[in-house]
Amino acid sequence: MKKLTIVDIARMAGVGTTTVSRYFNGGNLKEETHKRIKEIVDKYNYTPNTFAKALKSIDSKIIGVIVPCLHSYVSGNTLKYLDKELKNNNYETLIMNANFDENKQLEYIKKLARMNVDGIILLPTTMSKTYESTIKSIDVPVVMLGQEGEYTYSVEYNDFNAARDITNYVLAQGHKRIAYLGVSEEDIAVGYYRKLGVIRTLEKYNLSPENVLITNFGMEEGYSAVKENIEKLKEDSCLICATDNLAYGAIKALEEEGLNVGDNYSVAAFGDYTSSALLKSPLTTIKFDLEDAAKQTVNMLLSVIRKEETDIKLLIGYDLKTRNSVIKLDRNGE
């Protein structure tokens, strides 16, 4: 049977569609009419399309969320916390998955604006001037989460300082020969600021990473990058990775070559995924507060929607989780 509509219910109940709408909106109806409509609704287990109804109203009570992908730890958990916080504020979430396609993200910004959503939360992996101009071209408030926007409301992770702190910890454990595995600088937060934080911290001690490897976000890419450069990496004692995911692939490649993490080699990273503490040598990593980031993002967006005063940028805190994957060397780095 095709999906039941309000028109069908009205026909079966012998009333007009306006009467059925009043039923769903809690309006006053004759007891007999209310009972007749309820019997039909219950029989066919009908649920009104609240999204369609909302999108036609002045205030839709819907927030569009554009994510780079649905399968990553960070995206998945951030979505969970955003949805929870939005529901706590009586908003529904409309998710758009861009699958790492910048053009799709830009297209979805315009599409959501046309759909009359009250606001948009954007989790971009890259940040170009095109985003700024697209956001300025629509009449819907946008807050970015996880990237720096020059003229756009944004909630950002403190990637540079986090990189500084994890590098200082590695140095304090006696490591001087430190390599870095990262991603493209098109991703300003993960690709640029994390690498910059590591390099600037090493420079303070007249050190520099001899081996800086750049790849994509996948675990397989991390594995391949390390495997292809294993002879150079053997000259180092520690590898700092831009994400836990890269670290997983790196650890597999290192250990296949006899470099045992937590024994004769060290690895540190960013993310603190659930499985990071469960590795054979639990991973030393930076934990960003995803739940607080989601809460602050929603609060910022709702303040903009309500035309309340709010900061245009906000930095989210982090914790350094020190575990067995970084070993302590003597003062000579041996």
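Predicted model: local features only at pLDDT ≥ 70, side-chain atom pairs only at ≥ 80, totals over all residues.
Helix α10, spanning residues 219-228, packs with helix α12, spanning residues 244-256, at an angle of about 40°, and their axes are 7 Å apart. Because of that angle, α10 is oblique to α12. The crossing of α10 past α12 is right-handed. On the α10 side, the contact is formed by M219, G222, Y223, V226 and K227. From α12, the residues taking part are N245, L246, Y248, G249, A250, K252, A253, L254 and E256. Sorted by class, this contact between α10 and α12 comprises eight nonpolar, three polar and three charged residues.

The second pair brings together helix α2 (residues 17-24) and helix α3 (residues 31-44), with an angle of about 80° between them and their axes 11 Å apart. Angles of 65 to 115 degrees count as roughly perpendicular, so α2 is roughly perpendicular to α3. Here T19, V20, Y23 and F24 of α2 meet T33, H34, I37, K38 and V41 of α3. The contact of α2 with α3 is made up of five nonpolar, three polar and one charged residues.

Attention now turns to the nonpolar cores. In soluble globular proteins, nonpolar side chains tend to be buried together. The largest nonpolar core in this model contains 64 residues, and L239 and V267 are those with the most contacts inside it. Beyond its neighbours within four places in sequence, L239 is in contact with A179, Y180, L181, V226, L233, A250, L254, Y265, S266, V267 and A268. Among these partners of L239 are V226, A250 and L254, which also take part in the contact between α10 and α12.

T201 lies in helix α9, which covers residues 188-204. With a relative accessible area of 3%, T201 falls under the 20% cut-off and is therefore buried. Setting aside residues up to four places away in sequence, T201 touches R164, T167, N168 and L171.

S303 belongs to helix α13, residues 290-305. Its relative accessibility is 14%, so S303 also counts as buried. Apart from neighbours within four places in sequence, S303 is in contact with E308 and T310.

How values were computed. Residues numbered from 1 in each chain as written. Heavy atoms only, no water. Axes fitted to C-alpha atoms, helices over the stretch in contact; angles between N-to-C directions. Helix = DSSP H or I, 4+ residues; strand = E, 2+ residues; numbered from the N terminus. Parallel < 35°, antiparallel > 145°, perpendicular 65-115°, else oblique. Left-handed = near helix turned anticlockwise from the far one by under 90°. Contact = heavy atoms within 4.5 Å. Nonpolar A, V, L, I, M, F, W, Y, C, P; charged D, E, K, R; others polar. Core = buried A, V, L, I, M, F, W, Y, C linked by side-chain atoms within 4.5 Å. Buried < 20%, exposed > 50% of the residue type's maximum accessible area, 1.4 Å probe, protein only.
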